[in-house]
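Dear colleague,

I am passing on to you the structure we spoke of, together with some notes on it. Please look at it first and then read on.

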Protein chains: 2
Amino acid sequence: MTGRDGMSIRVVVADDQELVRAGFQMILSAQPDIEVVAEAADGAQAVDAARRLRPDVVLMDVRMPRMDGLEATRRLAGPGVTSPVKVLMLTTFDLDDYVYEALRAGASGFLLKDLRRDDLVNAVRVVASGEALLAPSVTRRLIGEFARRPRPAQTAPAGLAALTAREREVLHLMARGRSNAEIAADLVIGEQTVKTHVSNILAKLYLRDRIHAVILAYETGLIEPGTR
Amino acid sequence: MTGRDGMSIRVVVADDQELVRAGFQMILSAQPDIEVVAEAADGAQAVDAARRLRPDVVLMDVRMPRMDGLEATRRLAGPGVTSPVKVLMLTTFDLDDYVYEALRAGASGFLLKDLRRDDLVNAVRVVASGEALLAPSVTRRLIGEFARRPRPAQTAPAGLAALTAREREVLHLMARGRSNAEIAADLVIGEQTVKTHVSNILAKLYLRDRIHAVILAYETGLIEPGTR
DNA sequence: CGGCGCCTCCCCCGTAGGAGGGATCAGCGG
DNA sequence: CCGCTGATCCCTCCTACGGGGGAGGCGCCG
């Protein structure tokens with residue numbers, strides 16, 4: 001979208017330590033295709049500069065006075081932001097909390113400051129191109145976190161396949177906590193009919209009661225938390 | 001654990017195309033600290049070789065005859081494997097399904113075959129060291145996937161804080177689908193007592209019935225799918 | 001065309017679950 | 001010492017649920 005086609009990659013460097021900013025600035029400016037267009041000493045300045053200058057990448061430190069990098073990232077790339085700016089997060093310590101928060105905040109990358117200069121330059125290029133990258137240790141933990149939770153949707157059609165379309169519909173509403181009467185109202189059918197469907201569902205899935213149906217809906221990924 | 005301290009990194013290359021194996025073999029063997037100890041033409045051979053030779057890393061192609069790389073990875077690094085072997089997955093096309101399956105199968109990395117030789121060598125070293133890495137496009141999607149789902153635990157203590165320890169205990173069992181009588185048996189108290197607790201829980205959380213309590217448990221992250 | 005699957009509706013009936021009372025007792029902090 | 005909270009137990013009443021039937025209409029397919 002930006003920063004390619006011969007044009008240089010425009011970068012904003014945000015870090016509260018002047019020395020660190022100077023270092024990044026020097027490394028990046030030495031590249032023919034990278035241009036540091038602004039520096040920021042705290043999150044507020046970073047947000048301000050990024051909104052004004054619309055850089056291709058913001059190099060963002062996690063810990064900063066006034067507004068930290070997490071909050072700044074949220075404002076620049078978080079969910080709900082209309083035209084997000086890409087953020088590459090940097091930190092000295094790779095604490096889990098920071099990483100997860102950063103990624104949820106919308107960061108396109110998370111690196112430790114002990115990286116080699118080639119890697120930093122490469123990272124900026126990768127992020128500018130719309131891709132993402134993480135420090136190896138972070139990658140490992142993210143993979144672990146990801147693999148830890150069982151596949152959601154895929155396994156759903158376990159016994160669910162045995163249900164008719166209407167039954168699945170009823171199951172969905174059941175899983176949302178609707179009573180038989182409410183389901184009947186929702187589907188514009190009689191409550192007796194709903195009861196029949198419910199009974200058939202429970203029988204087909206070998207469930208004791210609707211509560212177990214709700215549990216099954218969540219466990220199989222039929223319903224995902226936060227989808228309410 | 002292995003492959004360091006001056007000893008070379010021992011690698012098994014698994015790919016059904018002879019030319020690809022030869023290419024990887026050549027690139028890796030050119031490194032002073034890397035040694036290709038075996039080649040495999042399918043998943044079964046890869047598993048066999050890896051179990052026999054205990055290499056530091058297995059370079060594994062996704063698509064292979066007889067047994068594909070995913071299944072082979074599961075057997076070498078999947079959940080439940082006692083002494084896992086590190087697997088670096090390689091593919092020509094970065095299909096979502098492959099990636100997610102590979103990571104769940106226990107792979108320590110996932111790269112596209114269009115990578116530069118330096119990156120391949122670097123990847124082998126990273127994986128051998130116990131860390132992980134992904135192709136940038138894969139990283140982007142993984143982050144997206146991760147950020148998509150709202151933070152689980154954190155938000156839990158929303159109204160839950162109002163509950164007493166005992167009530168939380170009852171709520172947990174309720175969320176597991178236990179009936180009042182079963183909960184009573186579990187906690188070695190009278191069923192009447194359980195009913196009282198349940199009533200208090202519902203009142204405190206402004207819930208209509210135990211079904212909504214189950215839903216709330218999942219939605220707040222009190223219970224996580226797959227934790228059964 | 002006759003079945004079969006699906007959706008629809010109905011009745012009866014037993015029970016688990018929840019509302020709304022009230023009660024005792026141990027522990028804790030003022 | 002008193003008051004409060006939490007945990008325990010008991011009662012009654014009512015309803016939503018769920019099991020076990022039966023039954024009619026519709027569309028599809030052999």
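Predicted model: local features only at pLDDT ≥ 70, side-chain atom pairs only at ≥ 80, totals over all residues.

Residues are numbered from 1 along each chain as its sequence is written, chains are lettered from A and ligands numbered from 1 in the order in which they are written, and side-chain values use heavy atoms, with hydrogens and water left out.

Chain A as a whole

Chain A holds 10 helices and 6 strands, where helices (H or I, at least four residues) and strands (E, at least two) are DSSP runs numbered from the N terminus. Its radius of gyration is 25 Å, well over the 17 Å that the globule rule gives for 228 residues, so chain A is more spread out than a compact globule; the radius is taken over C-alpha atoms, and the rule is 2.2 Å times the number of residues to the power 0.38. Along the principal axes, the C-alpha atoms of chain A fill a box of roughly 75 × 35 × 35 Å.

Of the 228 residues of chain A, 49% count as buried, a term that means under 20% relative accessible area, as against over 50% for exposed and in between for partly exposed (1.4 Å probe, protein chains only). Among the contacts in chain A with a separation of 6 or more, 62% are between residues 24 or more positions apart, a contact being heavy atoms within 4.5 Å.

The sheets

In chain A, 6 strands form an open sheet with parallel pairing, in the order S2-S1-S3-S4-S5-S6; two strands pair if DSSP finds at least two bridges between them. The edge strands of chain A are S2 (34–40) and S6 (133–134), each of which pairs on one side only.

Strand S5 (residues 109–112) of chain A pairs in the parallel sense with S4 (residues 87–91) of chain A over 4 bridges, and A:Leu90 stands opposite A:Leu111 in S5(A). S5(A) is also joined to S6(A) by 2 bridges, and these two strands run parallel, with A:Gly109 opposite A:Leu133 in S6(A).

Chain B has an open sheet of 6 strands, with parallel pairing and the order S2-S1-S3-S4-S5-S6. Strand S1 (residues 9–14) of chain B pairs with S2(B) in the parallel sense over 6 bridges, and B:Val13 stands opposite B:Glu39 in S2(B).

One residue in chain B

B:Thr73 lies in helix H3 (residues 69–77) of chain B and is buried, with a relative accessible area of 0%. Leaving aside residues up to four places away in sequence, B:Thr73 touches B:Met60, B:Gly78, B:Val87, B:Met89, B:Ala102, B:Ala105, B:Gly106 and B:Ala107. The C-alpha atom of B:Thr73 is separated by 9.0 Å from that of B:Val58, which is 15 residues apart from B:Thr73 along the chain.

With kind regards
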